Amino acid sequence: MKATVKQVIRTVSDKKRSRVTLEQVAKHAGVSRATASLVVRGSPNISKETRKKVLQAMKELGYVYDRVAANLRSQRSSTVGLIITELDNPFFSELLVGVHEALDQEGYTVILGTTFDRPEKQDALLSTMLEHRVGGVIMSPVPGCSTEMLERLRQWDIPVVLFAREELPPGLFDYIGIDNVAGGRMAVEHLLERGHRRIAFIGGSPQSSVWKARRAGYGDALRTAGIEVDDTLLVPSATTRQGGRMAAKRVLQQPNPPTALFCYNDVVAFGAMLGLKEEGIVPGRDIAVVGFDNIQESGLFQPPLTTVAAFPEKIGACAARRLHERMKGDDGEPKRTILHPELVIRQSSGKRE
């Protein structure tokens with residue numbers, strides 16, 4: 001019988017209790033973990049009184065400083081692992097720019113890996129990065145992460161910063177992302193203001209935390225307008241142009257088709273508009289289309305795409321800076337940084353009716 005996530009976290013915690021940790025020393029001495037860390041590393045920036053309290057706590061608890069592990073962490077410090085789901089989506093290309101610009105300023109080398117949303121590929125990449133002694137990892141986890149992977153991340157004791165997706169239990173690692181619920185609500189409210197009442201949500205996987213959040217915003221906006229969510233208007237698909245193309249054609253075959261499409265992301269929206277054109281339907285005139293991400297191509301497509309800006313480059317830079325802080329000794333509680341989306345109105349959503 002497989003262990004649950006809670007059981008794994010409990011097991012990891014139990015294992016750590018088998019040896020005295022620096023956190024326990026800090027608590028016993030009445031100081032922060034960062035202060036205790038400075039003491040064991042021989043920092044001169046600690047008062048004699050504080051140093052004495054920490055050393056006494058170490059003696060009373062039987063704490064042994066693992067200098068070998070510390071040296072290994074130091075050797076890793078110039079290399080960072082970056083794990084994304086795909087390169088075809090320009091969202092990740094733009095995010096990479098933000099990561100690289102921030103890390104280049106600090107002199108880091110980046111090892112890049114792509115999971116293609118396959119858990120086994122993600123596990124293999126993480127193992128490879130550990131073998132290369134990375135000092136930390138920035139990653140967008142695949143849906144349905146295994147409890148084994150969670151346990152491995154906790155045991156490795158290196159900084160991990162998540163971005164874009166919240167597929168792991170909250171509060172375990174730092175997270176940087178966009179407010180997907182607000183973004184979904186924003187997109188649908190815009191379509192409602194345009195006079196639409198049958199609005200489809202197409203693209204993406206229901207197993208994804210991002211899909212669930214954007215679906216929640218979609219539902220909130222409809223219910224606020226007094227409209228019940230029609231499950232037949234929820235059409236998941238691959239997050240590709242072909243996926244969007246096929247999803248748009250499927251939803252239009254319904255007896256009472258929608259007059260507007262809210263697409264999971266811009267790539268799906270591009271595919272949807274291509275599919276509409278193949279059916280002789282003009283996006284922005286015959287049917288409204290809204291995307292999500294505001295990648296650079298969205299303003300160049302025909303018609304230009306109305307979309308929700310998710311600021312991928314900014315997310316990448318924030319994730320990189322947060323990892324740098326962790327690698328330099330920040331041992332505080334994990335932080336959840338949520339950026340606010342913005343609606344960018346272009347021609348694909350038509351005119352107000």
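Is Cys318 buried or exposed? Select Cys318: with a relative accessible area of 17%, this residue is buried, a term that means under 20% relative accessible area, with exposed over 50% and partly exposed in between (1.4 Å probe, protein chains only).

The model is predicted, so local features need pLDDT of at least 70 and side-chain atom pairs count only at pLDDT 80 or more, while totals for chains, interfaces and linings use all residues. Residues are numbered from 1 along each chain as its sequence is written, and side-chain values use heavy atoms, with hydrogens and water left out.

Next, select Cys263, which is buried at a relative accessible area of 0%. The count of disulfides comes to zero, where a disulfide is a pair of cysteine sulfur atoms within 2.5 Å.

Move to Ile46, in the loop between helix H3 (33-40) and helix H4 (48-61); helices (H or I, at least four residues) and strands (E, at least two) are DSSP runs, numbered from the N terminus. Ile46 is buried, with a relative accessible area of 14%. Leaving aside neighbours within four places in sequence, Ile46 is in contact with Thr35, Leu38, Val39 and Arg51, contact being heavy atoms within 4.5 Å.

Finally, select Domain 2 (76-177 + 310-339) and domain 3 (178-309), whose bounds come from an automatic or database domain assignment. Both give residues to the lining of the second largest pocket, so this pocket lies between them. A pocket is an open set of points on a 1 Å grid over the protein atoms alone, where a 1.4 Å probe fits, with protein on both sides within 12 Å along at least five of seven lines; lining residues have an atom within 4 Å of a point. Of its 30 lining residues, Thr85, Glu86, Arg165, Thr239 and Tyr264 lie nearest the centre.
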